[in-house]
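Colleague: I'd like to go through this one slowly, step by step. Could you show it to me first?

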Amino acid sequence: LYLSMCLLYLFVCVPSTKRLINAAMVKNDFLKKLEPQHLRDMVDCMYPRKYTQGQLVIQEGEPGNYLYVLAEGLLEVIQNGKLLGEMRPGTAFGELAILYNCKRTATVKAAVSCALIWALDRQTFQSIMMRTTKARHEEY
Ligand code: CMP
């Protein structure tokens, strides 16, 4: 039974989570401009984190070192103390500080008791971009 649960997880849960993360990135206006292979490599390097209600994922005005995708739960986006909107599963966020080296433009907060969020750190993001670019240079 244990083995079949593991196989179920490997062949059913992992691909569907990866598809959700990839779809979220492709839907994002900024991330969709990146190479599809870059995005696939990023999905493979993301790891899950859990947040409890009220916990801040991102704080406005701070430097940002992670790109995120919401897999389960609900998040609130707040700017200057005002609620701008909500984020639902399948949304990529935190891309602005990573792509443009700017400060976080808004606060993002967990609005439910358990939000599941996949994260990618800046170093991994940069090394994925470099590795692929380098490989492409060597082709020419
Ligand atoms: P970043 O600035 O890195 O960190 C805060 C994130 O919130 C930002 O990236 C966007 O992904 C997201 N964000 C900023 N403004 C809005 C908005 N008006 N509506 C929804 N999401 C936003």
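Colleague: What average pLDDT does the protein chain have?

Modeller: This is a predicted model, where local features need pLDDT of at least 70, side-chain atom pairs count only at pLDDT 80 or more, and totals for chains, interfaces and linings use all residues. Residues are numbered from 1 along each chain as its sequence is written. pLDDT is the predictor's confidence in each residue, from 0 to 100. In the protein chain, 94% of the residues score at least 70, and the average pLDDT is 94.

Colleague: Okay, and how many helices and strands are there in the protein chain?

Modeller: We take them from DSSP runs, numbered from the N terminus: helices are H or I with at least four residues, strands are E with at least two. Along the sequence the pattern reads α-α-β-β-β-β-β-β-α-β-β-α. For the protein chain that comes to four helices and eight strands.

Colleague: Which strands are the edge strands of the open sheet of four strands?

Modeller: Two strands pair if DSSP finds at least two bridges between them. The order in this open sheet is S2-S7-S4-S5, with antiparallel pairing. Two strands here pair on one side only, and those edge strands are S2 (56–58) and S5 (82–87).

Colleague: And which residue in S5 stands opposite Ile 78?

Modeller: Strand S4 covers residues 75–79, and S4 and S5 pair in the antiparallel sense over five bridges. Opposite Ile 78 stands a residue of S5, Leu 83.

Colleague: Now the ligand! Which element gives the most to the shell around the ligand?

Modeller: A residue is near a molecule if its C-beta atom, placed from the backbone, lies within 6 Å of it. There are 14 residues around the ligand, and the closest are Phe 93, Leu 96, Ala 97, Thr 105 and Ala 106. S5 and helix H3 (95–100) each supply at least two residues of that shell. The element that gives the most, with three residues, is H3.

Colleague: How many residues of the shell around the ligand are nonpolar?

Modeller: Ala, Val, Leu, Ile, Met, Phe, Trp, Tyr, Cys and Pro count as nonpolar, Asp, Glu, Lys and Arg as charged, and the others, Gly among them, as polar. The shell has four polar and two charged residues, and its nonpolar residues number eight.

Colleague: Last one: what percentage of the residues in the protein chain is buried?

Modeller: Buried means that 20 or more other C-beta atoms, placed from the backbone, lie within 10 Å of a residue's own. Of the 140 residues in the protein chain, the buried ones make up 24%.

Notes
Buried ≥ 20, exposed ≤ 12 C-beta atoms within 10 Å, placed from the backbone.
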